[in-house]
Amino acid sequence: MRDITKLAAEQHLEYLPISLFGSVMGLTGLSVAWHLAQARYGTPEWITEVIGAIAVIAFMAVSLGYAVKLVTAPEAVQAEFNHPIAGNLFGTFLISLLLLPIVVAPVSLLLAQMIWSIGTLGMLIFAWIIVSRWMSERQQVAHATPAWIIPVVGLSDLPLAVPSLNLPPMLHEVMVFGLAVGLFFAVPLFTLIFSRLVFEPPIPDALQPTLMILVAPFAVGASSYVVTVGQFDLFAQSLYMMTLFILAVLVGRLRYLSVCCPFRVSWWAVSFPLAASAIVALRYATAERSLFADAIAWLLLAFATLIILALLVRTLVGVARGELRTLSS
């Protein structure tokens with residue numbers, strides 16, 4: 001009986017998607033957003049700490065599950081990595097390593113530094129692999145989905161945790177490198193994906209939530225730029241305004257999710273872009289200090305919190321019901 005139960009668990013975890021690390025990104029981003037709200041508006045500190053703790057627990061749980069998948073079904077992992085769309089989502093694991101140090105640093109600075117260093121090295125290698133793949137193999141237009149943004153534009157996340165880590169000044173060059181590569185590749189990738197959305201058939205229903213990823217290059221780019229240069233200047237404001245525009249265009253699509261397709265873990269793709277939008281809005285509100293800026297910041301923070309909380313509850317309910325295979329399809 002024990003062997004049968006073990007086999008059933010292993011077969012169950014074979015369907016665990018790497019994209020589930022998107023939940024860690026969203027939860028960590030939300031924790032950072034509430035930390036900024038605490039500094040700006042004096043919100044309770046426990047909110048930041050609780051969300052951060054949930055993000056760490058989620059990372060450990062998903063990492064353990066995917067490690068089991070790697071051991072018991074390596075061919076499934078390899079197929080996922082080689083997939084022209086799903087392969088890009090391996091960047092969600094590495095971006096999680098770049099973001100988690102922000103919530104880990106107050107507890108253990110050394111551990112946070114180690115996690116960030118591993119994430120940085122891994123993200124650089126992963127970006128190089130994916131760009132090399134794009135340039136050496138003929139790609140199909142149908143595969144140009146928002147997931148393509150993650151591997152290279154994800155380098156823009158590299159500077160975000162640096163101010164919390166007490167690292168040597170030489171890391172400024174690394175921050176500039178991540179920001180430069182991320183922003184540079186954001187332009188052609190966004191253009192390519194936008195062109196595919198306009199001139200090609202609609203992307204599959206299961207991938208509809210990933211459209212929200214198109215917000216990330218501008219939201220994350222703005223925050224990373226501010227962290228790197230130390231001020232919210234005209235360029236940062238421009239990225240923030242683009243964030244608001246793209247978000248306004250795409251946010252209406254969220255109401256179609258329950259209609260176009262049943263709940264899947266791919267819905268977590270909306271979480272980090274929403275959290276990143278709230279983060280940059282809070283940074284702008286702190287710099288601008290106007291009633292209008294504060295109103296937008298509160299609106300985006302509340303919206304991101306409600307959506308991510310709903311995703312968390314629905315995911316936990318699904319896992320408790322043993323629906324992981326269905327939710328991962």
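Predicted model: local features only at pLDDT ≥ 70, side-chain atom pairs only at ≥ 80, totals over all residues.
I began with Glu80, which is buried at a relative accessible area of 13%.

**Salt bridges**

I asked what Glu80 forms a salt bridge with. The partner is Lys69, with the closest N and O atoms 2.9 Å apart. I placed both: Lys69 is in helix α3 (residues 45–72) and Glu80 in helix α4 (residues 74–82), eleven residues apart. Lys69 counts as buried too, because its relative accessibility is 3% and the cut-off is under 20%.

How many salt bridges does a search of the whole structure find? I got two. The other entry joins the side chains of Asp294 and Arg40, at 3.1 Å from N to O. This pair links distant parts of the chain, 254 residues apart. Asp294 sits in helix α13 (residues 291–320), Arg40 in helix α2. I noted Asp294 as buried, at 15% relative accessibility.

**Ser31**

I stayed on helix α2 and looked up Ser31, which lies there. Ser31 is buried, with a relative accessible area of 2%. I left aside neighbours within four places in sequence; the contacts of Ser31 are then Thr48, Ile51, Gly52 and Val103.

**Cavity**

I searched the whole structure for cavities of 30 Å³ or more and found one. The largest cavity holds about 100 Å³ of space. I listed 13 lining residues; closest to the centre are Leu99, Leu160, Ser223, Phe272 and Ile279. Two or more lining residues come from each of α2 (22–41), α5 (91–104), α9 (216–229) and α12 (271–288). α12 gives the most, with four residues. By class, I recorded nine nonpolar, three polar and one charged residues in this lining.

Note on methods
Residues numbered from 1 in each chain as written. Heavy atoms only, no water. 1 Å grid on protein atoms, 1.4 Å probe; cavity = no way out; pocket = protein on both sides within 12 Å on 5 of 7 lines; lining within 4 Å. Points joined across faces, edges and corners; volume = space filled by probe spheres on them. Nonpolar A, V, L, I, M, F, W, Y, C, P; charged D, E, K, R; others polar. Buried < 20%, exposed > 50% of the residue type's maximum accessible area, 1.4 Å probe, protein only. Contact = heavy atoms within 4.5 Å. Salt bridge = Lys/Arg side-chain N within 4 Å of Asp/Glu carboxyl O.
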